[in-house]
Amino acid sequence: MLKLPLFILALLALACNQRPKNTKQVAPGDTRETKKIIDSPLPALQVAYQIYHINPNADTVIIHVSGSQLHIPKNAFLDADGKVVKDPVVLRYREFSNAFEVYIAGIPMEIYADGKDQVFETAGMVDIDASAGGKALFVNPEQKISINQISFENGYYNIYDLDTLTGKWTETGKSKPQISTLKSDLEKLPKVPEPPKKAGRFAFEIEDAQEQQPELRKYKNVLFTPVNDKYAGFDATSIDVKDLGNGTFKITFNVDYLQHHREESVICYLAFKEGLDYDNALDSYRKKYAKQIRRMEKERRLVEKQWKNYEKEYKAYEKAGLKSFFENPANKLSEEEKIMRVLSVSDFGIINFDKPTMYPKAVNLNAKFTDEDGKTIHLKHIRLIEKGRNAIFNFSNSVSFDPTKENLLIGFTADQRLAYFKPDDFKKITQKNGDYTFKMRVNNGKITSYEELCRILF
């Protein structure tokens, strides 16, 4: 009798342990605990969430507006009790390709590493959560969502998760870039045997005049067309036909005379005379490989959509001036290449591809700020951007920078007016330390779009 309560307690403990654990985020839309951590200087201009409605009972592939891919297996979501969710799911997703987008979203990018205050140099970031019936959902560790995110940064980076309750980042893995072209992506599509070909000018048939090779009888009245569209074949003492399994055949002609051996091989398609023979062959092909053809065409459309979205995103990134300012020349790719980074989602929230980088320190000035008329202004969200580094450095009462680089200093007044100090302004600074008054250019009009903000700064 005494063992029963212990047994019940053990079961209760086990049930509690099976509930999903997620301490790094709060429920979607609940900002009570994150106001001090997420602090956007211009909330209206930050990257917006895309909303996707998911059937959790089937595998889903999403091509995001950027060209990134989200692979969501069925049964990917758990409720607060650890049960697999079957009801429709609302997935919120957004991503960032550069440090400036992250800054406008107000996401902290500082980290204490190796005993020093550092900031993140980013290769991309995602912000993802899910809900059903208004209640937050959790990741099923047995059926994780996989994200192939577009990146504009080459090289190796770490993967970090942000705890939005504390503002601390935790390293969870490593990220290797996957570089591809449209051609290489199309070559990875599922292979489908080549469709029947119409007989070309070099089409030929095989005839076993001496009836020494009974295995050739099945090729009677069948035409072959060389893949290279060149003349092939000759009278031979034997002919070998090898089905290569992909819709092509290797035809080998052999001549043995006395002690001499001559051999010639050619890769061919099966060929049919234009008309009824060809129409029948094509109809038979389509029926036989219908399932494979549908799968290949579906995946081809996904690849082409991804590249179309990526190219649009890349052009917008370039047009905004962000590419020229943030791109590291050492990591530059050709225009035909793109970078993807693969992420397996263990917890919903903010996840970053990053590496810590040191603050610039060649010049360190005690900072005061005025407008162009010399009137003192008080700024918030003061950040320095150094050209060629996808990072933004956080400052308040002092500013440090490398005078050999192009630098941009930005901040916002209490009424959200943009103040900025451009690279040409930095070139006029001759001192390396002490007090310095930054005469900021202040934008007096209201900035109504992210594109307008980029035009002003970059």
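Q: How many salt bridges does the structure hold?
A: The model is predicted. A salt bridge here needs a side-chain nitrogen of Lys or Arg within 4 Å of a carboxyl oxygen of Asp or Glu. The number of salt bridges in the structure is 14.

Q: How many residues apart are Arg94 and Asp127, which meet in a salt bridge?
A: The side chains of Arg94 and Asp127 meet with N to O at 3.0 Å, and both residues are buried. Arg94 belongs to strand S5 (residues 89-96) and Asp127 to strand S7 (residues 116-132), so the pair links distant parts of the chain. Their separation is 33 residues.

Q: Which parts of the structure does the salt bridge of Lys338 and Asp185 tie together?
A: The N to O distance between the side chains of Lys338 and Asp185 is 3.3 Å, and both residues are buried. The two are 153 residues apart in sequence. Because Lys338 lies at residues 337-344 and Asp185 at residues 182-187, the parts tied together are strand S20 and helix H3.

Q: Which residues form a nonpolar patch on the surface with Leu244?
A: Leu244 lies in the loop between strand S17 (238-243) and strand S18 (248-257). Its relative accessible area is 36%, so Leu244 is partly exposed. The patch has about 210 Å² of accessible area together, and the residues that form it with Leu244 are Val227 and Ile267.

Q: How far apart in space are Val442 and Ile377?
A: Val442 lies in strand S29 (residues 441-442) and is buried, with a relative accessible area of 16%. Residues that Val442 touches, beyond four places in sequence, include Asp371, Arg417 and Ile377. Val442 and Ile377 are 65 residues apart in sequence, and their C-alpha to C-alpha distance is 9.7 Å.

Q: Why are the buried residues of helix H8 on the same side of H8?
A: The buried residues of H8 (residues 450-457) are Tyr450, Leu453, Cys454, Ile456 and Leu457. They are on the same side because the arc they cover around the axis is only 160°.

Q: What do the buried residues of H8 pack against?
A: Two of the elements are helices, H2 (99-105) and H6 (322-326). The others are strands, S26 (407-412) and S27 (418-421).

Q: What is the angle between the planes of Tyr285 and Tyr289?
A: A search of the whole structure finds 30 aromatic pairs, among them Tyr285 and Tyr289. Both residues are buried. Their rings are 5.3 Å centre to centre, and the pair is tilted, with planes at 55°.

Q: Is the pair of Phe401 and Phe426 stacked or edge-to-face?
A: Phe401 lies in strand S25 (residues 398-401) and Phe426 in helix H7 (residues 423-426), 25 residues apart. Phe401 is buried, with a relative accessible area of 2%, and Phe426 is buried at 6%. The ring centres are 4.8 Å apart and the planes are at 70°, so the pair is edge-to-face.

Key
Residues numbered from 1 in each chain as written. Predicted model: local features only at pLDDT ≥ 70, side-chain atom pairs only at ≥ 80, totals over all residues. Heavy atoms only, no water. Buried < 20%, exposed > 50% of the residue type's maximum accessible area, 1.4 Å probe, protein only. Helix = DSSP H or I, 4+ residues; strand = E, 2+ residues; numbered from the N terminus. Arc of directions from axis to C-beta. Contact = heavy atoms within 4.5 Å. Patch = residues over 30% accessible without salt bridge, like charges linked within 9 Å, V, L, I, M, F, W, Y side chains within 5 Å. Areas by Shrake-Rupley, 256 points an atom, 1.4 Å probe, with all protein chains shown as cover. Phe/Tyr/Trp six-rings, centres within 6.5 Å; stacked < 30°, edge-to-face > 60°.
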